[in-house]
Amino acid sequence: MPGNFYESLQTAMQANPDKLCFLCPAGESYTFAEIDRLAGQFASTLQADGVEPGDRVVVQVEKSVAAYALYLGALRCGAVFVPLNTAYTTAELSYFIEDAAPRVLILDPERTIALNAHQHDNAANPNAGQKPEPLHRTLSDDPQEGLWKTAREHQPIAEVVDRSEEDLAAIVYTSGTTGRSKGAMISHRALETNAKTLQRIWGYEPNDVLLHALPIFHIHGLFIAMHPTLLNGSTTLFLKAFNATVVRQHLAQATILMGVPTFYLRLLAEPGFGAHDCDSIRLFVSGSAPLTAQASQAWTDATGSRILERYGMTEAGIISSNPLAGERIPGTVGFALPDVDVRVCDDNGAEVRAGEVGTLEVRGPNLFSGYWRKPEKTTEELREDGFFVTGDLCTQQDDGRITIVGRAKDLIISGGYNIYPKEIESVLDEVDGVTESAVVGVPHPDLGEGVVAVLVGPTPVPDAVLKSALEEKLARFKHPRRFVWIDALPRNAMGKVQKNHLGARYEQVYQAP
Ligand code: MLC
Ligand code: AMP
């Protein structure tokens, strides 16, 4: 196995130089040779900015081919790529910059202006100026602007910078159940083994075309969908974002669609959507959130095809998958990947019997290398024998098949985005007139789960005040869309808020009347 994962990607690119790598209906398309060259050019600009192997490059930019090529360029020059959700506020961004301590920070042009204003406002911060400032660069989808323009003026670097398998390729932030987000450190080995396994078990074929409508700041769109496709020398039909009507129009040009359950629910809701829309697709894959057995069945009834559900995590890539050939059982997430060990344990770490509920633990070459600069968090979640405690509750049958039945962690998954209640509660608890709050996820017909804030205080504070408190601090996808006031939060004998009771009490909030 080569050390730098880019070498494997480059082998595939060089084997298919004239084939389309990115097919972009709304813009220019690129061959594999062009993408390899562009990645080399971005690598060259990063090196010119002083980026050395192991340096972090923090990136918060809109989805574009250039943004993906920038990721490839960062891999190629041995940098550690740190992608950020474009929805994060400037305040959230400032935390990530502080934590990741990047050599270079690459933003959309508008975000750069906002960040400068934010930093100006916080100039009185006693810590300001103590750390080396990252270089600021911009990237948009205009090749005549910012870093893309600069890259086009550079010669690609000649080589792929040497890295060992264990060296870091990326840090991907995942929120913490307590406190701030944690950066999962992901090695070249983890990326390579997961990508090769997926290419194999999902039966990639020479003429496959992936329809890509996911964001590229999370592992689903950045790694899981793209890596096996690139390794296979297959074309990606690259859309800016998910829009059901547009995706439907392009299904006939593709053979694989990967998405979160909301993609499938929205396609199903398209008038007249059915088997004729899906003729050319050989593989529909769903993940990042539970696909209910009802949704899975509704899809099969409408299209005659079975969605393949798989289960993964930022810290581990893909962990398990329903089989390509063989029974795909709705509501289950299939079998552990061939090179991945799983076990189901009770709270003390003892394995439970087949069919009993416990927490899923995972070990394998796909695993992350710990949390960036948070050794205590790493120790909390990685057992001494190398198993990682996922926080997902599941059962495993004698034949190895896994079903996710819940979460031990206080986490809401909405449209495939993770939302940590603690983060929202901390902001709401600061609002004048709020004595305490509890944020829960309840069923949502489109997003899987929707966010509800339950508040306690002497008199209800208007929603507008609560919303404005959240506005500057937290990305909008995290904001509760319903605020309810009650006299006291239900607590158990230990004083812990019983969120399951609140979830049950408000489970109808987002259901259509
Ligand atoms: C957008 N909004 C959301 C949201 N997405 N709210 C809650 N949950 C979401 N997921 C809000 C915006 O803040 C905005 O609010 C409004 O919806 C419209 O924004 P939009 O951008 O037009 O949204 P839309 O197109 O509807 O996006 C929905 C979506 C998108 C499902 C297409 O969220 C998406 O692409 N999700 C994929 C997430 C993903 O890739 N997850 C992978 C994680 S990796 P307002 O108030 O401003 O109007 C992982 C590991 C694994 O989990 O196993 O894969
Ligand atoms: P993230 O931290 O964004 O990588 O999200 C990982 C979490 O998403 C997992 O721990 C699960 O809780 C959830 N998840 C991913 N895929 C599935 C799935 N197919 N079914 C249920 N939950 C899933």
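In the predicted model, strand β12 (residues 283-286) and strand β13 pair in the parallel sense over 2 bridges, and within this pairing V285 stands opposite L308 in β13. Strand β13, which spans residues 308-313, has 5 of its 6 residues buried, so it is largely enclosed by the rest of the structure.

Strand β17 (residues 358-363) pairs with β18 in the antiparallel sense over 4 bridges, with V362 placed opposite F388 of β18. Strand β18 also pairs with β19 (residues 402-407), again in the antiparallel sense, over 5 bridges, and the bridge partner of T395 in β19 is T403. The hairpin formed by β18 and β19 has 5 residues between the strands, and in this hairpin G400 takes a positive phi near 100°. Of the 9 residues of β18, 8 are buried, so this strand is largely enclosed by the rest of the structure.

Within β18, which covers residues 388-396, V389 was examined individually. The relative accessibility of V389 is 18%, and because the limit for a buried residue is under 20%, V389 counts as buried. When residues up to four places away in sequence are not counted, V389 touches T359, L360, E361, E381 and R383. The C-alpha atoms of V389 and R363 are separated by 9.2 Å, the two residues being 26 residues apart along the chain.

Among the helices, α4 (residues 90-100) is mostly covered, with 8 of its 11 residues buried. The buried residues of this helix are T90, E92, L93, Y95, F96, I97, D99 and A100, and just after α4, A101 takes a positive phi of about 45°. T90, which lies in α4, has a relative accessible area of 14% and is therefore buried, given that buried means under 20%. The side chain of T90 makes a polar contact with the side chain of R111, at 3.2 Å. With neighbours within four places in sequence left aside, R111 is also one of the residues in contact with T90, together with A114, L115 and H118.

A further buried threonine, T303, is found in helix α12 (residues 293-303), and its relative accessible area is 9%. The side chain of T303 has two polar partners described here. A polar atom of this side chain lies 2.8 Å from the backbone oxygen of W299, and the side chain of T303 also makes a polar contact with the side chain of S305, at 2.8 Å. Leaving aside neighbours within four places in sequence, T303 is in contact with F273, G274, A275 and C278.

Rolling a probe the size of a water molecule over the atoms shows where empty space is left. The count comes to 4 cavities of 30 Å³ or more, and the largest cavity has a volume of about 110 Å³. The lining of this largest cavity comprises 14 residues, of which A190, L191, N194, F223 and G317 are the closest to its centre. Helices α7 (188-201) and α8 (219-224) each supply at least two residues of the lining of the largest cavity, and α7 gives the most, with 5 residues. By class, the lining of the largest cavity divides into 9 nonpolar and 5 polar residues, with no charged residues.

The second largest cavity has a volume of about 70 Å³. The residues that line the second largest cavity are V59, V61, A67, F81, P83, L84, I216, F217 and L222. The lining of this second cavity has 9 nonpolar residues, with no polar and no charged residues, whereas 5 polar residues are present in the lining of the largest cavity.

Methods: Residues numbered from 1 in each chain as written. Chains lettered and ligands numbered in written order. Predicted model: local features only at pLDDT ≥ 70, side-chain atom pairs only at ≥ 80, totals over all residues. Heavy atoms only, no water. 1 Å grid on protein atoms, 1.4 Å probe; cavity = no way out; pocket = protein on both sides within 12 Å on 5 of 7 lines; lining within 4 Å. Points joined across faces, edges and corners; volume = space filled by probe spheres on them. Nonpolar A, V, L, I, M, F, W, Y, C, P; charged D, E, K, R; others polar. Buried < 20%, exposed > 50% of the residue type's maximum accessible area, 1.4 Å probe, protein only. Polar contact = N/O pair within 3.5 Å; in protein donor to acceptor, adjacent residues only side chain to side chain. Contact = heavy atoms within 4.5 Å. Pairing = 2+ DSSP bridges.
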